[in-house]
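Q: I have a model open here and would like to go through it piece by piece. Please take my questions as they come.

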Amino acid sequence: MVSKSYERAQRMVLSDKYNAVSESFQADVAQLVKRYFEADGIKVDTYCDGTLQVVFTVSVKRVKLIKRA
């Protein structure tokens, strides 16, 4: 398990390097999830190893029916 201090430092570095934790990024993710799911919550984990990998975990109550033309 990763410490809170490490997670905070990681978020700061990602924000500086990738602008990955900006409010607009979070709003875009929330909008995407709301379009397809009725969700309880969203958790975003980020991993850096020379590239940025983002893992989304969504707690879904229900999948919304998307009508296509």
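Q: Let's start with Lys61: buried or exposed?
A: Lys61 is exposed, since its relative accessible area is 54%, where exposed stands for over 50%, buried for under 20% and partly exposed for anything in between, with a 1.4 Å probe and protein chains only.

Q: Before I go on, what are the ground rules for these values?
A: This is a predicted model, in which local features need pLDDT of at least 70 and side-chain atom pairs count only at pLDDT 80 or more, while totals for chains, interfaces and linings use all residues. Residues are numbered from 1 along each chain as its sequence is written, and side-chain values use heavy atoms, with hydrogens and water left out.

Q: And how many salt bridges does the protein have?
A: The count comes to two, taking a salt bridge as a side-chain nitrogen of Lys or Arg within 4 Å of a carboxyl oxygen of Asp or Glu.

Q: Which residue pairs with Lys61?
A: Lys61 forms a salt bridge with Asp40, and the closest N and O atoms of the pair are 3.6 Å apart. Because Asp40 sits in strand S1 and Lys61 in strand S2, the pair ties together parts that are 21 residues apart in sequence; helices (H or I, at least four residues) and strands (E, at least two) are DSSP runs, numbered from the N terminus. Asp40 is exposed too, with a relative accessible area of 53%.

Q: What about the salt bridge of Arg62?
A: Arg62 pairs with Glu38, and here the closest N and O atoms are 3.3 Å apart. Arg62 belongs to strand S2 and Glu38 to strand S1, so this pair joins parts that are 24 residues apart in sequence. Arg62, at 43% relative accessibility, counts as partly exposed, and Glu38, at 32%, also counts as partly exposed.

Q: Switching to nonpolar surface, which residues make up the patch?
A: Ile42, Val44, Val54 and Phe56 make a nonpolar surface patch of about 290 Å², and the elements that give two or more residues to the patch are strand S1 (37–48) and strand S2 (52–63). Patch members have over 30% relative accessible area and no salt bridge, with like charges joined within 9 Å and nonpolar side chains (Val, Leu, Ile, Met, Phe, Trp, Tyr) within 5 Å. Ile42, for one, lies in strand S1 and counts as partly exposed at 38% relative accessibility.

Q: OK, zooming out: in what order do the elements run?
A: From the N terminus on, the order is α-α-β-β, which corresponds to two helices and two strands.

Q: How much of the protein is buried?
A: Of the 69 residues, 10% count as buried. The accessible surface comes to about 6,000 Å², of which 53% belongs to carbon and sulfur atoms, with areas from the Shrake-Rupley method and a 1.4 Å probe, and for residues only the protein chains shown count as cover.

Q: What does Gln10 touch?
A: Gln10, which is in helix H1, touches Thr46 and Tyr47 when residues up to four places away in sequence are not counted, a contact being heavy atoms within 4.5 Å. Gln10 and Thr46 are 36 residues apart in sequence, and their C-alpha atoms are 8.4 Å apart in space.

Q: And Ile66?
A: Ile66 is in the segment after S2 and touches Arg35 and Tyr36, leaving out residues up to four places away in sequence. The C-alpha atoms of Ile66 and Tyr36 are separated by 7.4 Å.

Q: Last one: which helix has the lowest mean pLDDT among the elements?
A: Helix H1 (residues 4–18) has the lowest, at 75, whereas helix H2 (residues 23–36) has the highest, at 84, pLDDT being the predictor's confidence in each residue, from 0 to 100. The protein averages 78, and 83% of the residues score at least 70.
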